[in-house]
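Me: I have a chain open on my screen and would like to go through its fold. Could we take it step by step?

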Amino acid sequence: MKNEKSKSTQQTTRINGARVVIKTSASGKVTVAPAAIEEWVLQAAAVRALRGVPEYAADVEHAAAGKFTLAGDFNAARRSMREQVKAKATGLAAGEHDLRLYIAGGRLGLIEFKAAKTPVSKDQRERHALLAALGFAWQAVIRAETEGDAARQAVALVRGWLAENDNQSGQGTSRCSSTASA
C-alpha cells in the first residue's frame, strides 16, 4: 500500500443552521470558524432595499427624472462545462458586476458585492478597469458583513448617484466616479 501524503482541506457547511468553514491541516488538526456571508445574500438584501425606495421605478408609469431601475446578474462561481459554454456564448463576461442600475437620463451604475474580507478577483479587476476605460465611471464595490449593511450601503450609494445625476442634468457627457466600501 502506498504511503499517501496528507494535504490540507477546507469545506463550507452548516452546523446548527450557521454557515461554517471546517479546515483540516496536513497534520490532521481540525478547526471550525464562521464562514463569510455569501455574496448573493448581500446582493439580494440590497435589491430588496433598493426596490423599496421611492426613487425606484418598477414600470414605465414610474419612469421619470430622479428615478432608477435595476437588473442583476447571478454569476455562479461553479458551472458545469456545458453551462460555461452557454454562458460565454450568450454574452456573460467573466468579472461582470453583480448589479446594474439604470438611472434616468441614460446613466449606468454598476455594483459589485463582496463579503467584508473577500478579495476582488483578477477577472473582476480587469473587467471593471475595461468598463472604466470605456467611460462607465459609476462603479462601486460594496463590502459588507451583514445583509443590513449591504442594503444600507447600496441605498446610500444609489441616492448619491441620483443626486449627482440631478446636479449634472443637461450635461449628459459628464463623467462621475463613486466607490463604496466599508
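Reply: What follows is a discussion of the fold, the helix packing, the core and some individual residues. Please keep in mind that this is a predicted model.

Me: How many helices and strands are there in the chain?

Reply: The chain has four helices and seven strands. Starting at the N terminus, their order is β-β-β-α-β-α-β-β-α-β-α.

Me: And how much of the chain counts as buried?

Reply: Of its 182 residues, 34% count as buried. As for contacts between residues with a separation of 6 or more, 57% of them involve residues 24 or more positions apart.

Me: Let us turn to helix packing. At what angle do α1 and α4 cross?

Reply: The axes of α1 (residues 39-51) and α4 (residues 147-167) cross at roughly 50° and come within 8 Å. The crossing of α1 past α4 is right-handed.

Me: Which residues make that contact?

Reply: From α1, the contact is made by Val 41, Leu 42, Ala 45, Ala 46, Arg 48, Ala 49 and Leu 50. From α4, Glu 147, Ala 150, Ala 151, Ala 154, Val 155 and Val 158 take part.

Me: How many of them are nonpolar, and how many charged?

Reply: The contact of α1 with α4 has 11 nonpolar residues and two charged ones, with no polar residues.

Me: Ala 154 is in that list. Is it buried or exposed?

Reply: Ala 154, which is found in helix α4, counts as buried because its relative accessibility is 0%. Leaving out residues up to four places away in sequence, Ala 154 touches Ala 46, Leu 50 and Ile 142.

Me: How far is Ala 154 from Leu 42?

Reply: The C-alpha atoms of Ala 154 and Leu 42 are 9.9 Å apart, while the two residues are 112 residues apart in sequence.

Me: Now the core. Which residues touch the most other members of the largest nonpolar core?

Reply: That core has 24 residues, and those touching the most other members are Leu 50, Phe 68, Leu 101, Ile 111 and Trp 161. Two or more residues each come from α1, β4 (68-72), β5 (99-103), β6 (107-115), β7 (139-144) and α4. The element that gives the most to this core is α4, with seven residues.

Me: What does Phe 68 touch?

Reply: Residues up to four places away in sequence aside, Phe 68 touches Leu 50, Val 53, Glu 55, Tyr 56, Ala 57, Leu 101, Tyr 102, Ile 103, Val 158 and Leu 162.

Me: I notice Glu 55 there. Where is it found?

Reply: Glu 55 is in the loop between α1 and β4. Glu 55 and Lys 67 are 12 residues apart in sequence, and their C-alpha atoms are 4.7 Å apart.

Me: What about Asp 59: where is it found?

Reply: Asp 59 is also in the loop between α1 and β4. Its relative accessibility is 33%, so Asp 59 counts as partly exposed. From Asp 59 to Thr 69 the C-alpha distance is 8.4 Å, and these residues are 10 residues apart in sequence.

Me: Back to α4. Why does Asn 165 count as buried?

Reply: Asn 165 lies in helix α4. It counts as buried because its relative accessibility is 11%, and the limit for buried is under 20%. With residues up to four places away in sequence left out, Asn 165 touches Ile 103, Ala 104, Arg 107 and Trp 138.

Me: One more asparagine, then. Is Asn 16 buried or exposed?

Reply: Asn 16 is exposed, because its relative accessible area is 82%. Asn 16 lies in the loop between β1 (9-15) and β2 (18-24).

Me: What is its phi?

Reply: Asn 16 has a positive phi of about 50°, although this residue is not a glycine.

Note on methods:
Residues numbered from 1 in each chain as written. Predicted model: local features only at pLDDT ≥ 70, side-chain atom pairs only at ≥ 80, totals over all residues. Heavy atoms only, no water. Axes fitted to C-alpha atoms, helices over the stretch in contact; angles between N-to-C directions. Left-handed = near helix turned anticlockwise from the far one by under 90°. Contact = heavy atoms within 4.5 Å. Nonpolar A, V, L, I, M, F, W, Y, C, P; charged D, E, K, R; others polar. Core = buried A, V, L, I, M, F, W, Y, C linked by side-chain atoms within 4.5 Å. Buried < 20%, exposed > 50% of the residue type's maximum accessible area, 1.4 Å probe, protein only.
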